[in-house]
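Lead sentences come first, followed by points grouped by topic.

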Amino acid sequence: MQVKTLRRWNNALHRDIGYLCVGMTLIYAISGIVLNHFKSGDFIHPDYSKSYKEFKVTPPANGKADQAYVMSIVEKEGEKNNYKSFITGENYVQIFLKNGSVYVDLASGDGQVEKKSTRYIIKEFNLLHYNNIKRFYTWFSDLYAIGLIILAITGLFVLRGRNGIIGRGAWLTVVGIILPALFLLFYM
Amino acid sequence: MTKKIFCIFIFSALIVSACNTGNKNNGAKTTADTVKVTVLTFEKQADTLVNKPVFIEGTVLHICKHGGERLFLAGGNDSITVEVTAGPKITRFEESMIGSRIRITGVLKEERIDAKYLNEWEAEVKKPQENHNVGVHTGTKGHEDQGVKEKLEQIAALRDELRKSGKDHLSNFSIEAGKFVEIK
């Protein structure tokens, strides 16, 4: 096969697989940024943003939280309609709400309301990124990954001349390989 | 052209919504050979039920943030919890389940913690990048934010427990969930 024909095939493959991969690339890239920052501790949860409010209550007289005590806190915090259940631990009670929870230290009376709000779309993107769906999605995402490999390889040969792989392209490709290698070298 | 793209989008959305109904009808029907276990007696019952079908009821205390593939069930308080992992048929455990009482049907699994396991875990913890999936998950508040020091302390405690047990391994029992249903 002639070089010209090969290049035509290469470019057609790069173009069409590129179009096919746009959706998944955006999903993985956007969710990747979120998961990256979740991993490095910038986000408490990848799917939800959380807000906190501190408050103070009188601890129960016998040091134990019962239903009546829990309901008094829930009502005081205006969360009666969101109440789900509660659980007690050593010197604390955790009250579960529909959109968060309330934590009360039974010794000091210090309390904290944690409210969650869903990061819609990002949550769905994360679900795909984590491959929570499993089953056929595993194959689908494998296909996408193979598509990315083909994109990367065909991308090397799209351009000819001094901007191609024998010129500027070669330098940029080498830089793109060296950078992650340096991270591995310094942090492993 | 715009009409065509719109039609494709609607068609895809319909397929996705049809496929997504899988977990919502997770009516946990149990068969005769499925053994009931409880949060309080789980550890005592677990030894004889490894790889057998079981069902359990409890309040969801915690769901792991890393993909929602693990939750912890509690009884009346948090002193005893049971670890439940999402089986292949469960997409994930949603955070909205926290505080809800649920019934889970699945298979009881055993993870053996021996000296080799602890050595590998320790080596993993000492690496600069921590791996969340390594080690024993406790489900307690803040366990996912443990630093290297806390993890090494946990490993040391397990080594101590292993030595005192006089056995060659400790068992970490959990349930791999096949289906679940919220109990109203």
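From the N terminus on, the elements of chain B follow the order α-β-α-β-β-β-β-α-α-β, which amounts to four helices and six strands. Helices (H or I, at least four residues) and strands (E, at least two) are DSSP runs, numbered from the N terminus. The model is predicted: local features need pLDDT of at least 70, side-chain atom pairs count only at pLDDT 80 or more, and totals for chains, interfaces and linings use all residues. Residues are numbered from 1 along each chain as its sequence is written, while chains are lettered from A and ligands numbered from 1 in the order in which they are written.

- Of the 184 residues in chain B, 28% are buried, that is, 20 or more other C-beta atoms, placed from the backbone, lie within 10 Å of the residue's own.
- Among contacts in chain B between residues at least 6 apart in sequence, 69% join residues at least 24 apart; a contact requires C-beta atoms, placed from the backbone, within 7 Å.
- Beyond its neighbours within four places in sequence, Ile56(B) is in contact with residues including Val37(B), Leu73(B), Val82(B), Ile104(B) and Ile175(B).

**Contact between the chains**

- Chain A contributes 18 residues to the contact and chain B 17 residues.
- On the side of chain A that touches chain B, the largest share, five residues, comes from strand β2 (residues 83–89) of chain A.
- That side of chain A comprises eight nonpolar, six polar and four charged residues; Ala, Val, Leu, Ile, Met, Phe, Trp, Tyr, Cys and Pro count as nonpolar, Asp, Glu, Lys and Arg as charged, and the others, Gly among them, as polar.

**Domains and helices of chain A**

- Chain A is divided into domain 1 (3–44 + 126–187) and domain 2 (48–118), with bounds from an automatic or database domain assignment.
- The centres of domain 1 and domain 2 of chain A, taken over C-alpha atoms, are separated by 46 Å.
- Helix α1 (residues 3–39) and helix α3 (residues 122–129) of chain A pack at an angle of about 100 degrees, their axes 9 Å apart; axes are lines fitted to C-alpha atoms, for helices over the stretch in contact, and angles run from 0 to 180 degrees between N-to-C directions.
- α1(A) and α3(A) are therefore roughly perpendicular to each other, a term for angles of 65 to 115 degrees.
- The contact of α1(A) with α3(A) holds eight nonpolar, four polar and no charged residues.

Conventions:
Contact = placed C-beta atoms within 7 Å. Parallel < 35°, antiparallel > 145°, perpendicular 65-115°, else oblique. Buried ≥ 20, exposed ≤ 12 C-beta atoms within 10 Å, placed from the backbone.
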